Amino acid sequence: MRFHVSHTHTHHRWKALAFACLTAVALAVSGCSIQITSQPDPSIGEDTMLINADKGNPLFDRNFNPYMTNTRTASRWIYEPLILINPLDGTETPWLSDSWEQPDATTIVMHMRDGVTWSDGTTFTAKDVAFTLQLIEDYPELDIYGAWQHLDSVSVDGDSVTMTLKSEDSPALAIIGKTMIVPEHLWADVEDPATYRNEDPVGTGPFVLGNYNDQQYSMDKNPSYWQADKVEIEHLLLPSTNNQLDTVTRGYDWSYSFISDVSGTWGAASPHNKWWFPNAGVIGLIPNNEVAPFDNVDVRRGIALALDRQSIADVASEGYMKPAGQTGLILPNQEKWLDPRIPNDGIVEQDTDAALEAFARAGYTQKDGKLVGEDGQQFTFSLTSANGYSDWTRAAQAVQRQLADIGIDVELNMPQPAGYQQAISNGDFEVALGGMGNGDVYQAFNSLMSSDFYVPVGESTSNNFERFRSDEADRLLREFRSTVDEDRQRDIVNELQQLVYDELPVIGMYYGGSWGLYSDAKFTGWPSEEDPYMIPQNYDSAPLLTFTKLKRVTEDQK
Amino acid sequence: MRYIAQKLGLFVLTLWAAITLNFFLPRLMPGSPADAAIAKLSQNGPVTEATRAAIEAQLGVPTGSMWDQYLSYLHQVVTLDFGVSYTFYPQTVSSMVSTALPYTIGLVGVVTILAFVIGTLIGVAAAWKRGTWLDSLPTLTGSFLSTFPYFWTALLLLFFLGYVLHWFPTSGAYAATTTPGLTPAFVGDVVQHAVLPALTILITSLGGWIIGMRNTMINTLGDDYVTFAEANGLRGRTVAIRYAARNAILPNLTGFGLALGGVVGGSILVEQVFAYPGIGYLLFNAVIGQDYPLMQALFLMITVSVLIANFLVDILYGVLDPRTRR
């Protein structure tokens, strides 16, 4: 009896409690609309840039060897490249090398800048360049850009370095130019450079390492920097940051990430918060050219014509990104290379009738709303994407819906990123979603179509995942390599675009962005749509140029 | 003695099976460590053939047949030297684990013990005072809170107590400005940083202990020996603790053993949300990066501690409950 009574009691309490809890949950859910604001730490000075560029795991490992994949981000602002390249459009800015010539397509002569010193006071010379190139030849694990796939030999004459290439290879300049130079007088004695952590880096760059601990480090301006007069930032502060709430609330001057609803989060946190998301790559479909029916260009064209790129771009990138063309170029960055004869900047518009015609040529006809092949079976294929790349997932779902509309059954296959990478490397897919394009126009087409990267399905490649082979493409790429004349190169690039447009080795859909978030509260002069002097990313060498362009906001400007 | 020998034999056999599984499971995942590293890099732009070659060389991607790899793995297990991590190259696995372990044991270990002690005591009280508010309030709140997913509770606490009210720091195990060391400032800082993650684990795990203890104890309360003790006029507290609770605690104790064994695995989601530099955080990154050496070391550590904890609980059972010894 006692149990029974208590039971009813409990019952009443259940209800009361459940009600209370539901209220709490409702409050909590509505709490999500609480506006988060940027709250910079007041102890961070006006001359200090708080920069969200180094993630940590979640602690930092003190590793400033710029050639390691796990290096601290700032090591690439301590060690500088020969030539600074803007990944958006391939623009080459003279850096440690202040000028260069390509007397023919197999030779590069670089002249080293005068008045550059290492941060310990030693003078930088062309011998440091020769030493570094020798170092990455001796330790291939350090040759991260692949300079020695192009280089044959290096010789030094005064302040000039002459590089002889393995073959006619004019675009190699952009690859070798990225080499970051390390000091011979300190690195010559390093026992194993491939595992060397370089805990106390000495470089030529605008900043030297300040205070370091495993959750935050600071960088101080290098007073003897060769363009010290252009650097107004006195200190950089790099805390280990791991979530987007931190990105928004900590008052960062410079951050880099895709944030959902950027104007309602980053933008609303402070009136100074701005962003610039330039097109930095093309996201598209990679049909496996070795697998039937994707070896048939009419099938590829049919798929291309069936897609509504605007709606895919809107769904995938929350409207921040635009549809991409079928030229292999990233616009507007590479506008100067665009073939004016290609209509509509190369963007393929959705055209269901034309799509059905193309499919009909390949033997597929619509029957009861289904696209069926000559064997009477519905056209079905699997689309491989990477699990966790949410914009890709949304794009893949949009493709699935749009192709279903004309009667194709698309099945999504989403392994973990490593599994995805393995699948596309080995050709173990029918159609995959993937990124393509490169600011360097030669590299864009070379990695897309060169049969140098062609391997049959089952073997691993790192480019040309669609396994496209064309003598025409190979001939054009070879011709490009053999000339240093830009007008001739332009003609070749026009033909390459035509090839991509007609043969559809891959199907471009929308642009992938570079997600630059910055604040103009303390510093102005950021790269922007009006002045796209550099990609807004805050990793690799790219920020070196940005650091010299930023101006401190003075009291009267506020 | 035979009881212990039997348990010991079983322990060794399970250990070998676990060690072997631990070798093969990570290798069944699609993709290689280099694929994982390249997938990460290629989100920032195209990766060239050369970069792939450089990464493979840096990582020292496994070579040799599976059998050779297995033998060298067994050697690693015996010598406890797991080599260099792939994801966190060039750091060694042992240095990474020894940095992370104290944080996890400090956080998850302390909270697990606290949750067990507090939860069991509340469970005893709830069963003893069954039918009153002392029973329904903790039982209902506990069961309600324990249905929350870990990470959701963590996010709510992080958002409200961290970002909106600013009562507690939002990430890390200590502030970036304090120097690690056995100073009062550092210890205080660590405790402050541990509050939110600890609260998350406590909130979501307390309910299980309360309900488990309460339900078994309500059963024992109906047993004759308890009525007999009451009839003998023993004090209420003595009956509750010495007679009812001691017999009711066995299932909870098993759970506690398992939970303690699992402590070294950290709490992946909680550590992830709070960027807490513990084993759970490491494990997550090891799996994402297909970091075989690190994964092997971590899984081995987890399995072995669960096995040891089970073994100890088995022994303890024998002490607490003479019937299991037969």
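Trainee: What volume does the largest cavity have?

Mentor: The largest cavity comes to about 80 Å³, where a volume is the space filled by probe spheres set on grid points that are joined across faces, edges and corners. This is a predicted model, in which local features need pLDDT of at least 70 and side-chain atom pairs count only at pLDDT 80 or more, while totals for chains, interfaces and linings use all residues. Residues are numbered from 1 along each chain as written, chains are lettered from A and ligands numbered from 1 in the order written, and side-chain values use heavy atoms, without hydrogens and water.

Trainee: What makes a space a cavity?

Mentor: On a 1 Å grid over the protein atoms alone, a cavity is a set of points where a 1.4 Å probe fits but cannot get out. A search of the whole structure finds two cavities of 30 Å³ or more.

Trainee: Which residues line the largest cavity?

Mentor: Among them are V282(A), G325(A), M436(A), L448(A) and G508(A). A lining residue has an atom within 4 Å of a cavity point.

Trainee: Why does T220(B) count as buried?

Mentor: Buried means under 20% relative accessible area, with a 1.4 Å probe and protein chains only. T220(B) has 9% relative accessibility, so T220(B) counts as buried.

Trainee: Where is T220(B) found, and what does T220(B) touch?

Mentor: T220(B) belongs to helix 8 (residues 184-221) of chain B. Leaving out residues up to four places away in sequence, T220(B) touches Y225(B), V226(B), A244(B), N247(B) and A248(B); contact means heavy atoms within 4.5 Å.

Trainee: What makes helix 12 of chain B mostly covered?

Mentor: Seven of the 10 residues in helix 12 (279-288) are buried, including Y281(B), L282(B) and N285(B). The cover over the buried residues includes helix 5 (93-128), helix 11 (268-273) and helix 13 (292-320) of chain B. After helix 12 comes Q290(B), with a positive phi near 50°.

Trainee: How many helices and strands does chain B have?

Mentor: Chain B has 13 helices and zero strands. Both are DSSP runs numbered from the N terminus: helices are H or I with at least four residues, strands E with at least two.

Trainee: What share of chain B is buried, and what box do the C-alpha atoms fill?

Mentor: Of its 326 residues, 47% count as buried. Along the principal axes, the C-alpha atoms of chain B fill a box of roughly 85 × 55 × 40 Å.

Conventions
Buried means under 20% relative accessible area, exposed over 50%, partly exposed in between (1.4 Å probe, protein chains only). On a 1 Å grid over the protein atoms alone, a cavity is a set of points where a 1.4 Å probe fits but cannot get out, and a pocket is an open set with protein on both sides within 12 Å along at least five of seven lines; lining residues have an atom within 4 Å of a point.
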